[in-house]
Amino acid sequence: MSRQHDDPVLNLGAIYGWESPIRRYRRLVAGEGASWFDLFWHELILSLLPMFPGAVGIGLRNIFYPLVFSHLSRHAYFGHHVTLRNPRSLALARGVMVDDYVQFWATSRRTPSIEIGDGCFIRSYASLNAGPPEGYIRVGKGSSIGQYVLLYGNGGLEIGENVMIAAYTSIIASSHRADDHSVPMNAQGIVSKGIRIGNNVWIGAGARILDGVTIGDGAIIGANAVVTSDVPPAARMVGVPARPLPPREPRESGL
């Protein structure tokens, strides 16, 4: 997969223009182009089913969510109080486990804008935001996302297979403009290059991955590291900003 953007500047105010609060709510909850009927249907389903805990709640969501939201596998499992924003653009494959209080913001114009591969595990309080207007998040099969992890895909976020992302990590595929002192920073737009993470990567607790970074296959990012530049395959990175450690020595396996 290729990155979505090559360092564009996006001004979301210019893209969406002025919106009334209720229209903005409809767009954020039910998605781009949603009707008032779509919003009502979403509100009905998502006000009744998320609250049930335990096996009963998981069973009800497993039955009814795929009937309403076509990209959700019948073999993907949701905990209780999971936030779903525009779930029509959320794709969960077979065997995905979503723990309690996870947030999905699939509110970009792409369909699907958040896509989670087979057998992934997303732990409680993680937040995945595709990012308007054309952002996306792709997570490969067998990957795990820890508690309180923040994934933001405004410029496109691609995570490979069998990736481990530990708790409190932030991966942010965009950055605010701040170069024009005559304009408030929140009116200058954003720059979004995208982030790409290869297969079999381990990201330690509290790490920060910034926009424009590519992390190669088999790399390890140490706890609380701040990654601001590309990471070669199999590298070990620690510190602020992240710097490489000596290569890992291969270990012979034996009984």
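Residues are termed buried at under 20% relative accessible area, exposed at over 50% and partly exposed in between, using a 1.4 Å probe and protein chains only. The model described here is predicted, so local features need pLDDT of at least 70 and side-chain atom pairs count only at pLDDT 80 or more, while totals for chains, interfaces and linings use all residues. Numbering runs from 1 along each chain as its sequence is written, and side-chain values use heavy atoms, with hydrogens and water left out.

The chain holds 4 helices and 25 strands, taken as DSSP runs (helices H or I, at least four residues; strands E, at least two) and numbered from the N terminus. Of its 255 residues, 47% are buried.

With 13 residues (36-48) at 1.5 Å a residue, α3 should span 18 Å, and its end C-alpha atoms lie 19 Å apart, which agrees; the expected span is 1.5 Å times one less than the number of residues. Buried positions in α3 are L39, H42, I45 and L46. Viewed down the axis, the buried residues of α3 fall within an arc of 140 degrees and so line one face, the arc being that of the directions from the helix axis to the C-beta atoms. Exposed F37 and F40 sit on the face turned away from the buried side.

Turning to the loop between β4 (90-92) and β5 (97-98), R94 is found there and counts as exposed because its relative accessibility is 53%. Leaving aside residues up to four places away in sequence, R94 touches S73, H75, D118 and G119, a contact meaning heavy atoms within 4.5 Å.
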